[in-house]
Amino acid sequence: MNNDTLIPYIGVVTDIRQDTPDVKTFRVVSPEGGKVFEHMPGQCAMLSIPGVGEGMFSITSSPTNKEFMEFSIKKCGCLTTWLHAMDVGQQITIRGPYGNHFPVETDLEGKDLLFIAGGIGLAPLRSVINYVRDNRSDYGDVQIVYGSRSKDDLVDYKEIIDEWMADEGIEVNLTIDNPQEGWDGHVGFVPNYVKELNPSINKTVLICGPPIMIKFTLAGLKELGFTETQVYTTMELRMKCAVGKCGRCNIGSKYVCKDGPVFRFDQLDELPDEY
Amino acid sequence: MLKISIDKLDELFEAISASQTLYIPTDREDGAAEYRKYESGMKLSNALNTVRSAKDFFFPQTENLVDFKMEGKNIEVIDIRKESEDFVIFGVRACDARSFTILDKVFLAEPVDSYYKTRREHGTVVTMACTRPSETCFCGVFGIDATAPEGDAACWSDGESFFFEAHNEKGQKFIDSISSLLEDGDTAKLEETREKTRSILKKLPLAGLSTESFGGDRMMEHFNSEKWGELSESCLGCGTCTFVCPTCQCYDIKDFNTGHGIKRFRCWDSCMYSDFTKMAHGNPRLTQLERFRQRFMHKLVYFPANNNGEFGCVGCGRCLSKCPISMNIVKVMKALEVK
């Protein structure tokens with residue numbers, strides 16, 4: 001019998017990084033070493049601890065990383081609490097990759113890119129950002145606007161400071177919600193910060209974060225003159241199968257697991273407002 | 001046409017069940033019809049249809065997908081799949097036969113569901129034409145002819161004999177396997193019976209129901225309809241409609257710790273349930289209105305949008321007779337009809 005996508009592979013957790021008080025990044029390789037499977041930026045995988053649960057997580061590492069995959073996971077439910085409590089060396093089950101991906105080889109090529117993220121919303125965009133950094137000549141200028149509740153809640157802070165900010169042609173704008181001792185950067189919410197920064201409207205935008213942030217940021221972008229065909233996002237709904245059969249992650253006729261998770265806002269406009 | 005006399009049905013069932021498992025609709029002690037594994041002496045039900053649909057044969061209510069052994073930090077994945085054995089489902093009605101091709105569009109689409117596929121490959125569907133359609137029947141609305149059911153092979157009764165016809169190789173194999181019991185028969189009386197049934201079908205109260213207002217291109221119009229509030233108001237969210245529906249295929253995946261390992265199961269689920277879409281950070285379908293709307297939008301709009309216009313309903317009428325508050329797809333279609 002052929003392999004069935006519902007039967008998972010084994011992954012070994014080889015590194016756990018505490019990113020923020022409630023976000024950890026897990027490094028996963030196959031028991032034989034190397035990646036369990038290849039993916040494209042924006043795609044997801046189903047991770048599970050048998051007996052605890054299975055859930056869909058975006059693959060936060062770039063496919064240009066040839067050694068391992070990474071998942072940045074916020075502790076918020078049964079499975080994620082278990083994942084946060086485990087130690088290095090723990091095996092998990094993994095299946096995928098699932099869904100479409102950001103159009104890094106087509107629509108995004110040659111474009112100036114504006115990444116906008118809030119909180120854990122950086123996780124799926126980090127895959128694209130590092131993909132773009134590793135294929136730098138294929139893209140124009142890169143601007144990253146990233147905000148969180150506090151300095152401690154900025155995911156991948158070390159990588160942002162040490163690597164992204166050190167790159168030429170990448171502008172990083174960080175912001176936190178409220179003033180904090182030891183923070184001399186911008187303070188304020190992401191939607192307002194984007195408007196203040198007044199980015200050039202020829203940029204292609206990739207946005208991910210809490211729904212309320214996306215809503216107000218999109219409105220602000222439109223005020224600046226951006227159109228919905230320039231703005232991509234990635235969605236999340238409850239999933240069981242990850243292949244468009246279990247019937248629960250649909251927005252109208254589209255399944256987030258297989259037709260998404262990446263959508264352009266003009267595509268979402270044609271779908272019912274139920275997410 | 002090849003036929004067998006009705007009084008030889010027992011012989012027929014014995015012959016089929018000698019080589020493979022046979023399921024037939026039979027009457028329970030309480031009079032309700034259900035599919036059961038054939039055993040000597042079991043009688044074919046005279047009921048129009050079974051209470052539960054026939055989807056269980058290919059998409060069982062619960063099934064074990066995979067097992068895991070946990071030892072320290074290690075996990076072992078145990079593939080427990082087995083090739084299905086050959087079986088025959090006899091007496092499937094036209095509506096339920098069509099439901100299989102609808103389920104095929106879900107489970108056999110890439111990536112193919114191997115659990116479903118093996119049962120589909122090993123199951124032979126022998127359909128049985130209707131002669132007494134009821135007032136809750138509306139298969140004709142979805143282009144289904146109750147007097148010419150699909151399936152691998154079909155059979156018709158003229159009250160005295162059962163006539164057989166193969167629709168494909170698998171069906172021909174089935175007929176060949178019982179050919180020693182069959183004889184050539186005159187179909188004049190059968191044609192009369194079919195004609196009579198056709199005229200009943202035309203006069204059924206729901207025969208005039210129209211699908212014209214529905215389809216994949218009507219998504220926003222129907223989704224934003226103001227009628228959903230009133231339609232869903234008394235829905236109890238009990239999920240009976242999805243349980244008896246031959247095309248409802250939403251499922252859940254859940255693990256069970258046996259004490260000796262973990263068994264992962266697939267179970268039927270229902271979009272009518274409040275936790276169906278509930279996530280750690282919220283629920284996009286908060287009230288019964290959204291859940292109710294999802295079920296009917298899926299059958300009448302989303303499914304056709306993804307399947308060349310084919311609707312996700314076969315008009316079997318089970319939800320009409322089983323819903324505790326007498327709400328059903330017919331009322332929804334009438335309410336949303338664009339005049």
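Trainee: Start with α1(B). Which strands does α1(B) lie across?
Mentor: This is a predicted model, to be clear. In it, α1(B) lies across β1 (2-5), β2 (21-27) and β6 of chain B. Its direction is at about 145 degrees to β2(B).

Trainee: And α2(B), which strands does that one lie across?
Mentor: α2(B) lies across β6 and β7 of chain B. The angle to β7(B) is about 145 degrees.

Trainee: Back to α1(B). Is B:Leu12 buried or exposed?
Mentor: B:Leu12 sits in helix α1 (residues 9-19) of chain B. B:Leu12 counts as buried because 21 C-beta neighbours fall inside 10 Å.

Trainee: What does B:Leu12 touch, leaving out residues up to four places away in sequence?
Mentor: B:Ile4, B:Ile178 and B:Leu181.

Trainee: And how far is B:Leu12 from B:Val338?
Mentor: Their C-alpha atoms are separated by 50 Å, and the two residues are 326 apart along the chain.

Trainee: Now the sheet. What's the strand order in the open sheet of eight strands in chain B?
Mentor: The order is β3-β2-β6-β7-β8-β9-β1-β10 (chain B), and the pairing is mixed. At the edges stand β3 (33-37) and β10 (183-184) of chain B. Each has a single partner strand, so one side of each lacks a neighbour in the sheet.

Trainee: In what sense do β6 and β7 of chain B pair?
Mentor: Parallel, over five bridges, between strand β6 (residues 87-92) and strand β7 (residues 123-128) of chain B. B:Phe90 has B:Val126 in β7(B) as its bridge partner.

Trainee: What about β1(B) and strand β9 of chain B, how many bridges?
Mentor: Four, with β1(B) and strand β9 (residues 161-166) of chain B running antiparallel. There, B:Leu2 is bridged to B:Phe164 in β9(B).

Trainee: And how many bridges between β1(B) and β10(B)?
Mentor: Two, in the antiparallel sense. B:Leu2 turns up again, with B:Asp184 as its bridge partner in β10(B).

Trainee: Switching topic. How many residues of each chain are in contact across the A–B pair?
Mentor: 44 residues of chain B are in contact with 31 residues of chain A. On the chain B side, elements that each supply at least two residues include β4 (62-71), α2 (94-107), β12 (262-268) and α9 (288-306). The largest share comes from β11(B), with five residues.

Trainee: Tell me about β11(B). How many bridges join β11(B) to β12(B)?
Mentor: Seven, and the two strands run antiparallel. B:Asp255 has B:Arg264 in β12(B) as its bridge partner. The hairpin of β11(B) and β12(B) has four residues between the strands, and there B:Gly259 takes a positive phi near 95 degrees.

Trainee: Which strand of chain B is joined to β12(B) by six bridges?
Mentor: β4(B), running antiparallel to β12(B). B:Asn64 stands opposite B:Phe265 in β12(B).

Trainee: Over to chain A. What's the order of its open sheet?
Mentor: Six strands, β4-β3-β6-β1-β2-β5 (chain A), with antiparallel pairing. β4 (53-58) and β5 (69-74) of chain A are at the edges, each with a single partner strand, so each has one side without a neighbour in the sheet. On average, neighbouring strands of this sheet are turned by 40 degrees against each other, direction ignored.

Trainee: How many bridges pair β2 of chain A with β5(A)?
Mentor: Six, in the antiparallel sense, with strand β2 covering residues 23-29 of chain A. A:Lys24 has A:Ile73 in β5(A) as its bridge partner.

Trainee: Zoom out to chain B. How many helices and strands?
Mentor: 11 helices and 12 strands. Its C-alpha atoms fill a box of roughly 65 × 60 × 40 Å along the principal axes. Of the 339 residues of chain B, 40% count as buried.

Trainee: What radius of gyration does chain B have?
Mentor: 22 Å. A compact globule with 339 residues would have a radius near 20 Å, so the value for chain B agrees.

Trainee: Last one. What are the confidence scores for the model?
Mentor: ipTM is 0.93 and pTM is 0.95. Chain B averages a pLDDT of 96, and 100% of the residues score at least 70.

Conventions
Residues are numbered from 1 along each chain as its sequence is written. Chains are lettered from A and ligands numbered from 1 in the order in which they are written. This is a predicted model: local features need pLDDT of at least 70, side-chain atom pairs count only at pLDDT 80 or more; totals for chains, interfaces and linings use all residues. Two strands pair if DSSP finds at least two bridges between them. Axes are lines fitted to C-alpha atoms, for helices over the stretch in contact, and angles run from 0 to 180 degrees between N-to-C directions. Two residues are in contact if their C-beta atoms, placed from the backbone, lie within 7 Å. The radius of gyration is taken over C-alpha atoms; the globule rule is 2.2 Å times the number of residues to the power 0.38. A residue is buried if 20 or more other C-beta atoms lie within 10 Å of its own, exposed if 12 or fewer, and partly exposed in between; C-beta atoms are placed from the backbone. pLDDT is the predictor's confidence in each residue, from 0 to 100.
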